Amino acid sequence: MNHFELRGGELFCEDVPLARIAQAVGTPVYVYSSATLERHYTVLRDALVAHGVKDPLIAFAVKANSNVAVLRTLARLGAGADVVSEGEVRRALAAGVPPERIVFSGVGKTEAEVAFALQAGVAEINVESEPELDLVDRVAQRLGVRAQIAIRVNPDVQAGGHEKISTGKSENKFGVSFSEAERLYAKASNLAGVRPVGVACHIGSQITDLAPMAEAFAKMRGLVERLQREGLRVERLDLGGGLGVPYFNQPEPPSPDDYAAMIAETVGGLDVGLAFEPGRMIAANAGVLIAGVTHVHERPEGRRFLVLDAAMNDLIRPAMYDAYHDIRAVRPREGEARPYDVVGPVCETGDTFTRDRALPPLEPGDLVAFMTAGAYGAAMASEYNSRLLVPEVLVKGAEFAVVRPRPTYDDMLARERPAPWL
Ligand code: LLP
């Protein structure tokens, strides 16, 4: 469910016509719906609570959408943050996420990042390997604090929509095996700089089948029970994120209620607090990328190219993962749909959003919206081809605010300087 719909022949975000935003801010531009963000968070929390999960920590995966206004919208509802870099810790704090609701994941946290996180007082550092455990212990002792850590386990199950976003197989770089986890947990409980508070897993992203999750979570339950039998204290089980969303050409993913029921079945009744790290399921359908049509180029021999002012640097998912995004005309014209190859202006064949997509008639100056672009859209944007970083707008009801303005070319150039010998 989302708040982008046609009203009187044009696409709105909540009560704002997308064309009005495009007019005011220019294109390309990302537009997010506060109501959709809020709804997705609330639906997930309520489903978990309804299935008996007490006070879940829902730590939004900041990597999915790192805009501070988006984070603040969620923080106000009580969301925490799952972060993977010092930059993300800083964003979460700037958005008002309390440090005790911040979870720090990632395989390569540096000493400086760990020190920053510990000084900020983050709730949990998810340790992904033994060298990292030693690093956290060392840094914490130097700072005179005790780091709360969870051991990230790699449950060795296959899941996830694309090989580049599957993380839970043992050949992936993430986490340690179950036997290693037991050993490291015991080791951690004897280190002066750390206090193990739990175990964590995350098996992949865009998962549309609950079976691999259920398999992984059942294994995690076994681990928690073994640790507890050994007399070790386990306060938290972090089950990661990963639930998929509909990108329109796929089977409907499981609902938050199905997901919560599976959680209750697999880990219900354990004497631990549960944490979650959802990204995509909260943000994806809460955002669109609006682009303008620059040209419609029809080759005499057949292909019809829709050349947009948005490119792979603004939305990399189609080029990187062959991802499908629904494309809708902002003000659909009457007439028969025709096949278009939808491309951007970047000088690479990979800058193709889709081929042979049936769309209503489009003309230069028209606007289109890439749907389901609120997760891993703007957060993965770059300035490739020296294109200005794409701006972001947040809508609430009948209001909208530019929450990341488009930089100017002067801003872009001012970040660089000549070498002394030039
Ligand atoms: N927790 C950890 C440790 C993660 O690595 C991720 C995502 C998440 C949570 C959030 O997963 P989600 O709920 O969003 O599925 N750029 C790719 C997705 C990469 C996901 C990486 N990790 C894409 O555009 O599809």
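Author: Let's begin with burial: a residue is buried if 20 or more other C-beta atoms lie within 10 Å of its own, exposed if 12 or fewer, and partly exposed in between, with C-beta atoms placed from the backbone. Two notes on the model come next. It is predicted, and local features need pLDDT of at least 70, side-chain atom pairs count only at pLDDT 80 or more, while totals for chains, interfaces and linings use all residues. Residues are numbered from 1 along each chain as its sequence is written.

Reader: Is Gln206 buried or exposed, then?

Author: Gln206 counts as buried because it has 24 C-beta neighbours inside 10 Å. Its place is the loop between strand S10 (194-200) and helix H8, and H8 spans residues 210-229. Helices (H or I, at least four residues) and strands (E, at least two) are DSSP runs, numbered from the N terminus. The phi of Gln206 is near 55 degrees, a positive value in a residue other than glycine.

Reader: Which loop holds Asp156, and why does Asp156 count as partly exposed?

Author: Asp156 sits in the loop between strand S9 (147-152) and helix H7 (178-188). Asp156 is partly exposed because 17 other C-beta atoms lie within 10 Å. Its phi is also positive, about 55 degrees, although Asp156 is not a glycine.

Reader: Let me turn to annotations. What feature does UniProt place at Lys63?

Author: The unreviewed UniProt entry places "modified residue: N6-(pyridoxal phosphate)lysine" at Lys63. UniProt positions are given in the numbering used here, feature names are shortened, and annotations may be inferred rather than shown by experiment. In the model, Lys63 lies in the loop between strand S5 (57-61) and helix H3 (68-75). Lys63 counts as buried because 21 C-beta neighbours are inside 10 Å.

Reader: Which residues is Lys63 in contact with, leaving aside its neighbours within four places in sequence?

Author: Those are Val84, Glu88, Gly279 and Ala379. Here, two residues are in contact if their C-beta atoms, placed from the backbone, lie within 7 Å.

Reader: What about Cys347: which feature does UniProt give there, and where is Cys347 found?

Author: The record, again an unreviewed entry, places "active site" at Cys347. Cys347 is found in the loop between strand S16 (338-343) and strand S17 (352-359). Cys347 counts as exposed because it has 9 C-beta neighbours inside 10 Å.

Reader: How many residues surround the ligand?

Author: There are 21, and the closest are Ala61, Ser205, Gly241, Gly279 and Tyr376. Helix H10 (280-283) and helix H11 (317-321) are the elements that give two or more residues to this shell. A residue is near a molecule or strand if its C-beta atom, placed from the backbone, lies within 6 Å of it. By type, the shell divides into 8 nonpolar, 9 polar and 4 charged residues. Ala, Val, Leu, Ile, Met, Phe, Trp, Tyr, Cys and Pro count as nonpolar, Asp, Glu, Lys and Arg as charged, and the others, Gly among them, as polar.

Reader: How many residues of domain 1 are in contact with domain 2?

Author: 22 residues of domain 1 are in contact with 21 residues of domain 2. On the side of domain 1 that touches domain 2, strand S19 (392-396) and strand S20 (399-404) each supply at least two residues. S19 gives the largest share, 4 residues. That side divides into 13 nonpolar, 4 polar and 5 charged residues.

Reader: How should I read strand pairing?

Author: Strands of a sheet pair through backbone hydrogen bonds, either parallel or antiparallel. Two strands pair here if DSSP finds at least two bridges between them. An open sheet of 3 strands has the order S1-S2-S3, with antiparallel pairing. Its edge strands, S1 (4-7) and S3 (16-17), each pair on one side only. Strand S2 (residues 10-13) and S3 are joined over 2 bridges, and Phe12 has Pro17 as its bridge partner in S3.

Reader: Do S5 and S6 run parallel or antiparallel?

Author: S5 and S6 run parallel, joined by 3 bridges. Ala61 has Asp82 as its bridge partner in S6. Both faces of S6 (residues 80-83) are covered, with Gly80 and Asp82 buried on one side and Ala81 and Val83 buried on the other.
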